[in-house]
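The sequence and structure are shown first.

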Protein chains: 2
Amino acid sequence: MAYELYYWDGIQGRGEFVRLALEEAGIKYIDVAREPGRGMGTGAMLELMKSRSEPHIPFAPPFLRDGDLIVSHVANILFYLGPKLGLVPADDKLRHVANGLQLTITDLVAEVHDTHHPIATSLYYEDQKDVAKARTKAFICERIPKFLGYFEQVLHQNPEGSRHIIGKALSYVDLSLFQVIEGLRYAFPKAMKAHDSNYPGLNALHDAVSARPNIATYLGSKRRLAFNEDGIFRHYPELDLTP
Amino acid sequence: MAYELYYWDGIQGRGEFVRLALEEAGIKYIDVAREPGRGMGTGAMLELMKSRSEPHIPFAPPFLRDGDLIVSHVANILFYLGPKLGLVPADDKLRHVANGLQLTITDLVAEVHDTHHPIATSLYYEDQKDVAKARTKAFICERIPKFLGYFEQVLHQNPEGSRHIIGKALSYVDLSLFQVIEGLRYAFPKAMKAHDSNYPGLNALHDAVSARPNIATYLGSKRRLAFNEDGIFRHYPELDLTP
C-alpha cells in the first residue's frame, strides 16, 4: 500500500520536507488532501486528529500513514522513512546523528514561523506586525548566522566530504537543507543576499539538490506549490532587512 | 563506559528530561558540567560544540556521549536511550509513536521558553516583558488547553490502559509528562490551578511517576536542582493569570 501523507492543502509548509524525500526516492505516495478524485480535502486529516477512539492520534499535521501505523512530526517521519527510501546512512549511529541535524532544522523552522507570529498563532499577522519586526530583526541578525553558520561548519567537518551534510551520499537532511535555503531566500531576499557569501558549502548543496533529476522534475511540476503567505516561509517586505 | 550527559549547570532545563530517564533506570551516568572533582563546568561542553575538527558537532546542549557517538536533542537522546533503559515498548512501530509524542512535548517546551523570551533569546526578559505578557496570555488561555487536552485524550485512548501514555508500562514519555506538569505548576500556579480539574489522567500519571522509588529518591536528592528563573520553566508572577 502506498504511503499516505496527511497535510494541509495550498501550502508547502512542514509537509514539504516529507514530500521532497518521497519525490527524490521516486516512489508512489498519496498526498491525501490533494489527491484528485478523492474529494477528501483536509476532512480525513481533521477527522483522524479528532478521533475519540483511534489510539495515539497525532497533535498536528504533517503525519504519515503506513498501513496501521501513524507517524507524526517531520523529523520522526523522516527518521522512519530514511532507511526505507535509502536516504540515510545505513549505520544506526549515523541515523541518530542525522536525526539530531534534522531536529535542528525543526527548531529553525519553528523560529521562522515565529518571525511572523511572535505572540500567538491565533492572531492575524497584521495584529502582531510590530513585534514581528523586532523578532525578525533578531532572527535575521543573530539566528540565521547561528543556524546557517552551524550547518556550514558541519558540512565542512563531514569526514566523508562536504558535498553532503552526513555520510558520502544524499540524505533526507540534505533535501531539508535545500528547502531551508530556498525558503529563507523567498522570505528574506535582502537578508539572504547579504548573508549569501558566508555559506558557499550550503549554496553548493542547494544547487546540487535542485539539479537532481527527480527533484528537478518535481520542482517543475504542479505538485510543487509556490511559496505563499499562508505557509511557514512568508515574504512580508516590511520584515526583510539587510543586516 | 558510563553515559556522559552534557548540559548547563544550575538549571533543570531541557537536560532534566534526560536525567529523569537515566535516574528511573538507576544506571550510572556522568552529568559532565556538575561532576564533583572533574572541575570541568561547562568548559568541555562548549569546547566540543566549538570544535573545528569533530564530525557532526551538536548545535546546542543537551547532548549525550556514548563512546564515540554524540547524540543531540532531547527527543533524539530519549529515542536512542529508550530501548537500552527499558523505557519504551520494544515494538519498533510504537517507538516511533513514542517519538511523535515526545516531539510534541519538545514543541510545548519551546513555547514555554518563548513565553518569557518572545522576541529574542539575546535580550533580557525585562526588555521584552510587555510582549511576554501578551504571549503568555495566549499560551495560558489557548496553548495549555490544546497541549494538555491532547495528552489527556491520548492517555484515555491508550488501548493498554490510561495509566501510561503508550503501551502498558512506564516509558520515557510518561517521565517527560511528569516534568511538564511539574514545570507548568511552578511557572504558572494560578493558571494550572484553574486548569487542574480538566486533566485527571495527567495528574494521576504525574503522581504515579513522582512516587516511583528511583524518581522519589532522585527528587529528594541534591542532584535534582530546584526550578529557577534561569531555566525554561520560570515563575514570573506578573505573567501568570487565571484564564
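This is a predicted model: local features need pLDDT of at least 70, side-chain atom pairs count only at pLDDT 80 or more; totals for chains, interfaces and linings use all residues.

**Symmetry.** Chain A is superposed on chain B by a rotation of 180° with 0.0 Å of shift along its axis, at an RMSD of 0.0 Å. The two copies are thus related as by a two-fold rotation axis. Within chain A, Pro118(A) has the C-alpha nearest the axis, 3.1 Å from it.

**Interface.** On chain A, 49 residues are in contact with 49 residues of chain B. Because 100% of the interface residues of chain A are also interface residues in chain B, the copies meet through the same surface. Between them the chains bury about 4,200 Å², with 60% of it on carbon and sulfur atoms. There are 28 residue pairs in polar contact between chain A and chain B, counting pairs with both residues at pLDDT 80 or more. Strand 4 (69-72), helix 3 (74-85), helix 4 (92-116) and helix 5 (129-156) of chain A are the elements that give two or more residues to the side touching chain B. The interface also holds 4 salt bridges. One of them joins Asp114(A) to Arg135(B), whose closest N and O atoms are 3.2 Å apart.

**Core.** Which residues touch the most other members of the largest nonpolar core? In this set of 124 residues they are Leu184(A) and Leu184(B). Beyond its neighbours within four places in sequence, Leu184(A) is in contact with residues including Val112(A), Phe139(A), Met192(A) and Phe233(A).

**Helix 3 of chain B.** This helix, residues 74-85, is mostly covered, with 10 of its 12 residues buried. Among them are Val74(B), Asn76(B), Phe79(B), Tyr80(B) and Leu85(B). Gly86(B), just after the helix, takes a positive phi of about 70°.

**Backbone details.** Most residues other than glycine have a negative phi, and most peptide bonds are trans. The table lists exceptions.

| Site | Feature | Value |
|---|---|---|
| Pro61(A) to Pro62(A) | cis peptide bond | omega near 0° |
| Pro61(B) to Pro62(B) | cis peptide bond | omega about 5° |
| His73(A) | positive phi | about 80° |
| His73(B) | positive phi | about 80° |

Pro62(A) is in the loop between helix 2 (43-49) and strand 3 (63-66) of chain A. Pro62(B) is in the loop between helix 2 (43-49) and strand 3 (63-66) of chain B. His73(A) lies in the loop between strand 4 and helix 3 of chain A, and counts as buried at 16% relative accessibility. His73(B) is found between strand 4 (69-72) and helix 3 of chain B and is buried, with a relative accessible area of 16%.

Methods:
Residues are numbered from 1 along each chain as its sequence is written. Chains are lettered from A and ligands numbered from 1 in the order in which they are written. Side-chain values use heavy atoms; hydrogens and water are left out. Copies are superposed by least squares on the C-alpha atoms of residues with pLDDT of at least 70 in both. Contact means heavy atoms within 4.5 Å. A nonpolar core is a set of buried Ala, Val, Leu, Ile, Met, Phe, Trp, Tyr and Cys residues joined through side-chain atoms within 4.5 Å. Buried means under 20% relative accessible area, exposed over 50%, partly exposed in between (1.4 Å probe, protein chains only). Buried area is the accessible area (1.4 Å probe) that two parts lose on being put together, summed over both. A salt bridge is a side-chain nitrogen of Lys or Arg within 4 Å of a carboxyl oxygen of Asp or Glu. A polar contact is a pair of N or O atoms within 3.5 Å; within protein, one must be able to donate a hydrogen and the other to accept it, and residues adjacent in sequence count only if both atoms are side-chain atoms. Helices (H or I, at least four residues) and strands (E, at least two) are DSSP runs, numbered from the N terminus.
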